[in-house]
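The entries follow in the order I made them.

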Amino acid sequence: AMSGAEQPRMLSPTPQPIDGASPLSVAEGAPGTGSSNAAAAAAADGDHAHDPAEVRMERIFSAISVGIALIGIGIGWTLFKRRPLMEMPRLLENKYYVDEVYDATIINPIKTGSREGLWKIFDVGVIDGIVNGVGRGMTEIGSLARYLQTGFVRGYAAIILFGALAVIGYFAYSVISLIR
């Protein structure tokens, strides 16, 4: 028997007293690594307390990007100011041949596959084959049924009489077999 002083030993870590923030709003880094109470409160609200070194690096890279853009604008300005009608390189004029590569690798194979595979094989062979086969079958059934229609009313009456006698004979045979 367990006494009140003994506590059960848990094999897993003890559960958290409070659920944390949503996984979608958790800040980067491990929890409790050098964050102040304000940073912990900001992280709990889904905001990320930015490290000053990280902010400084972002600003440096932003300044480098703006500098590269300004250098490119300056080069373009000086080139086209001297020769405003200068011919663009063929690569730029054809937009790096992206459309041609896209047509050759994606559009043309899809067109060819659709034309040769889907249209010629599936549409013409399977779908049209079924539709035309059903049409030919109905035509054959109609030509066979044509021979049954002689146009003589007495012949039709005789066929109806024989059919009625066959049905009556079947029911009579069934009743007699049940009585025996």
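**Entry 1**

I began with Tyr96. Its relative accessible area is 55%, so Tyr96 is exposed. My cut-offs: buried is under 20% relative accessible area, exposed is over 50%, and partly exposed is in between, with a 1.4 Å probe and protein chains only. Tyr96 sits in the loop between helix 3 and helix 4. Helices here are DSSP runs of H or I with at least four residues, strands are runs of E with at least two, and both are numbered from the N terminus. I then checked the backbone. Tyr96 has a positive phi of about 60 degrees, although it is not a glycine.

Next I took Tyr97. Tyr97 also belongs to the loop between helix 3 and helix 4. Its phi is near 55 degrees, again positive in a residue other than glycine. Tyr97 is partly exposed, because its relative accessible area is 33%.

**Entry 2: what kind of model this is**

I am working with a predicted model, in which local features need pLDDT of at least 70, side-chain atom pairs count only at pLDDT 80 or more, and totals for chains, interfaces and linings use all residues. Residues are numbered from 1 along each chain as its sequence is written, and side-chain values use heavy atoms, with hydrogens and water left out.

I looked up the confidence. The mean pLDDT of the protein chain is 82, and 81% of its residues reach 70 or more. Over residues 32–36 the pLDDT falls below 50, and this stretch has 1 contact in the model beyond near neighbours in sequence. I read pLDDT as the predictor's confidence in each residue, from 0 to 100. I read a contact as heavy atoms within 4.5 Å.

**Entry 3: the whole chain**

I counted elements. The protein chain has 5 helices and 0 strands. Along the sequence I read the pattern α-α-α-α-α.

How much of the chain is buried? Buried residues make up 1% of the 180 residues. The accessible surface of the chain comes to about 16300 Å², and 67% of it belongs to carbon and sulfur atoms. Areas come from the Shrake-Rupley method with a 1.4 Å probe, and for residues only the protein chains shown count as cover.

**Entry 4: a nonpolar patch**

I went through the surface for patches. One nonpolar patch has about 990 Å² of accessible area together. Its residues are Ile71, Ile75, Leu79, Phe80, Met88, Leu91, Leu92, Tyr96, Tyr97, Val98 and Val101.

The patch rule: residues need over 30% relative accessible area and no salt bridge; like charges are joined within 9 Å, and nonpolar side chains (Val, Leu, Ile, Met, Phe, Trp, Tyr) within 5 Å.

Which element gives the most to the patch? Helix 2 does, with 4 residues. The elements giving two or more residues are helix 2 (52–82), helix 3 (90–93) and helix 4 (98–146). I placed Val101 in helix 4.

**Entry 5: salt bridges**

I asked how many salt bridges the whole structure holds. The search finds 3. A salt bridge here is a side-chain nitrogen of Lys or Arg within 4 Å of a carboxyl oxygen of Asp or Glu. Side chains of opposite charge can pair when their charged atoms come close.

- Arg90 and Glu93 meet at 3.4 Å, N to O. Both lie in helix 3, 3 residues apart, about one turn of the helix. Arg90 is partly exposed at 48% relative accessibility, and Glu93 is partly exposed at 42%.
- Lys95 and Asp99 meet at 3.4 Å, N to O. Lys95 counts as exposed at 52%, while Asp99 is partly exposed at 43%.
- Glu116 and Lys120 meet at 3.5 Å, N to O. They are 4 residues apart in helix 4, so about one helical turn separates them. Glu116 is partly exposed at 37%.

**Entry 6: Lys120**

I finished on Lys120. Lys120 lies in helix 4. It is partly exposed, with a relative accessible area of 41%. Not counting residues up to four places away in sequence, Lys120 touches Arg115 and Gly125.
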